[in-house]
Amino acid sequence: MILGLTWLIAFQLLGEVTVRLLDVAVPGPVVGMLYLFVFLRLRRPAADAPVVRAGSGLLRHLQLFFVPAGVGMVAYLGVLGDDWLPIAGAMVGSWFLGLVVVGWTAVGLERLLGQPRDDQPLEAR
Amino acid sequence: MTGPLLVPLVGAADTLLEVARSPLGLLGVTLGGYQAGRWLQRRARDHAAVQPVLVAIVVAGLAITLLDVDYADYRSATELIAFWLGPATVALAIPLHSQADRLRGFVVPLLVAVALGAAVSITSAVFLARWLGAGETLEKTLSTKAATTPVAIGLTESLGGIPSLAAVFAISIGIFSAIVGPATLNLLRIRDRRARGLAMGAVSHGVGASRMLREHETEGAFAGLAMGLSALAISLLLPLLALWLF
């Protein structure tokens, strides 16, 4: 467990160093994710390798790690009362437009380029 | 009526409150709220409305309100939990690696869709907020909400919005998306698992990805990828769009 976590933190550190050296606005962990992806493609570790086990363990509880920042809602509830309409409208409206644009663009381009659609039956959900 | 018998009781209550307000107590409340959320999720047979992150936020939010703890104190007490968001983000490479074969023939649609999605997310948030009567600070803070929290915080700061509020917006829309996203994708007739994951990750970052990881490995993998690429696209596009928007 600790060995796997050490690997993950090492890739995150590499990401942080890259981001600072290049002075880009992307977070270190996102760059660390790309490094780990390249590492996994090259080394192809087994499914029970420490880094895979530790990483999958963390991903099962991804939601937990958002809780501390999310509790900030409480601190802002009072302040946001007056502006609830533009906030809710902009968030939900722009969320929906983003979902439509990304989903339909990806599916549309796939068809245009003649690639298989990898469908799943709707009834199954 | 503080009789001599009540003194030890009052003392014990004070001690309990003190422990509850300590970093350990606040960590316990947060983890307890999260476990309660997972229990509810199992009880509700994975019903979309029950997301452990939301249950935990409500429990911890109530607790710090009742205990009269400042949010800043709560935040530093629970740094130990928030810290793991970084390594967990790195770990999103793992589902992507096991799904890498499905990238074939999907790279161009994926890149175009994410770039368009980032532009639409930013501009539509700003224009909708303006149309509904928000001020400029709020427009700026809302413009980053589709990005993962560290990106939303950093970009909002450089734009002149309210960084901690940007984090709250990003997580709120993430939770909203985790609840209604997959059903909305069904309504939109988007059935390719890669496109479903991509759309969710692009509009609701890690929180959306956590929901998709529970649905299907392909959807989770592409949501994680979309989260990373959208962070990149939003970081690159926002400074340019800001010249025109504000």
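This is a predicted model: local features need pLDDT of at least 70, side-chain atom pairs count only at pLDDT 80 or more; totals for chains, interfaces and linings use all residues.
**View 1. Chain B, a chain built from helices.** Counting secondary structure elements in chain B gives 13 helices and zero strands. Read along the sequence, the pattern is α-α-α-α-α-α-α-α-α-α-α-α-α. The C-alpha trace of chain B spans about 80 × 40 × 30 Å along its principal axes. Chain B has 246 residues, and 53% of them count as buried. If you take the contacts in chain B between residues at least 6 apart in sequence, 62% join residues at least 24 apart.

**View 2. The two domains of chain B.** Domain 1 of chain B covers residues 1-83, and domain 2 covers residues 88-246. Their centres, taken over C-alpha atoms, are separated by 30 Å. How many residues of each domain are in contact with the other? Five residues of domain 1 of chain B are in contact with six residues of domain 2 of chain B. On the domain 1 side, the touching residues are four nonpolar and one polar, with no charged residues.

**View 3. The two domains of chain A.** Here the assignment gives domain 1 as residues 1-70 and domain 2 as residues 72-125. A distance of 26 Å separates the centres of domain 1 of chain A and domain 2 of chain A, again taken over C-alpha atoms.

**View 4. Where chain A touches chain B.** In this view, 66 residues of chain A are in contact with 95 residues of chain B. On the chain A side, the elements that give two or more residues are helix 1, helix 2 (28-43), helix 3, helix 4 (67-70), helix 5 (72-80) and helix 6. Which of these elements gives the most? That is helix 6 of chain A, with 21 residues. By class, the chain A side of the contact divides into 44 nonpolar, 15 polar and seven charged residues.

**View 5. A helix pair across the two chains.** Two packed helices are described by the angle between their axes and the distance between the axes. For helix 6 (residues 84-112) of chain A and helix 8 (residues 107-131) of chain B, the angle is about 160° and the axes are 8 Å apart. Angles over 145 degrees count as roughly antiparallel, and helix 6 of chain A and helix 8 of chain B are therefore roughly antiparallel to each other. Helix 6 of chain A passes helix 8 of chain B in a right-handed crossing. The contact between this pair has 18 nonpolar, eight polar and one charged residues.

**View 6. Helix 3 of chain A and its packing partners.** Look along helix 3 (residues 50-60) of chain A for the buried residues A:Val51, A:Val52, A:Ala54, A:Gly55, A:Leu58 and A:Leu59. What do the buried residues of helix 3 pack against? Their partner within chain A is helix 1 (2-22), and their partners in chain B are helix 6 (85-91), helix 7 (93-98) and helix 12 (193-215).

View 7. You will find B:Ala147 in the loop between helix 9 (136-142) and helix 10 (149-159) of chain B. Is B:Ala147 buried or exposed? B:Ala147 is buried, because 31 other C-beta atoms lie within 10 Å. Leaving aside neighbours within four places in sequence, B:Ala147 is in contact with B:Ala152, B:Leu155, B:Ala170, B:His205, B:Ser230, B:Ala231 and B:Ile234. The C-alpha atoms of B:Ala147 and B:Phe169 are separated by 10.0 Å, and these residues are 22 apart along the chain.

**View 8. B:Ile179, a partly exposed residue in a helix.** B:Ile179 has its place in helix 11 (residues 163-187) of chain B. With 17 other C-beta atoms within 10 Å, B:Ile179 is partly exposed. Beyond neighbours within four places in sequence, B:Ile179 is in contact with B:Ala48, B:Ala49 and B:Gln51. B:Gly208 is 29 residues away along the chain, and 8.8 Å separate its C-alpha atom from that of B:Ile179.

**View 9. Two aspartates with positive phi.** Most residues other than glycine have a negative phi. For A:Asp23, phi is near 55°. A:Asp23 lies in the loop between helix 1 and helix 2 of chain A and counts as exposed, with 6 C-beta neighbours inside 10 Å. For B:Asp68, phi is near 60°. B:Asp68 is in the loop between helix 3 (52-67) and helix 4 (71-77) of chain B, and with 8 C-beta neighbours inside 10 Å it counts as exposed.

Technical notes. Residues are numbered from 1 along each chain as its sequence is written. Chains are lettered from A and ligands numbered from 1 in the order in which they are written. Domain bounds come from an automatic or database domain assignment. Axes are lines fitted to C-alpha atoms, for helices over the stretch in contact, and angles run from 0 to 180 degrees between N-to-C directions. Helices (H or I, at least four residues) and strands (E, at least two) are DSSP runs, numbered from the N terminus. Angles under 35 degrees count as roughly parallel, over 145 as roughly antiparallel, 65 to 115 as roughly perpendicular and the rest as oblique. A crossing is left-handed if the near helix is turned anticlockwise from the far one by less than a right angle, and right-handed if clockwise. Ala, Val, Leu, Ile, Met, Phe, Trp, Tyr, Cys and Pro count as nonpolar, Asp, Glu, Lys and Arg as charged, and the others, Gly among them, as polar. A residue is buried if 20 or more other C-beta atoms lie within 10 Å of its own, exposed if 12 or fewer, and partly exposed in between; C-beta atoms are placed from the backbone. Two residues are in contact if their C-beta atoms, placed from the backbone, lie within 7 Å.
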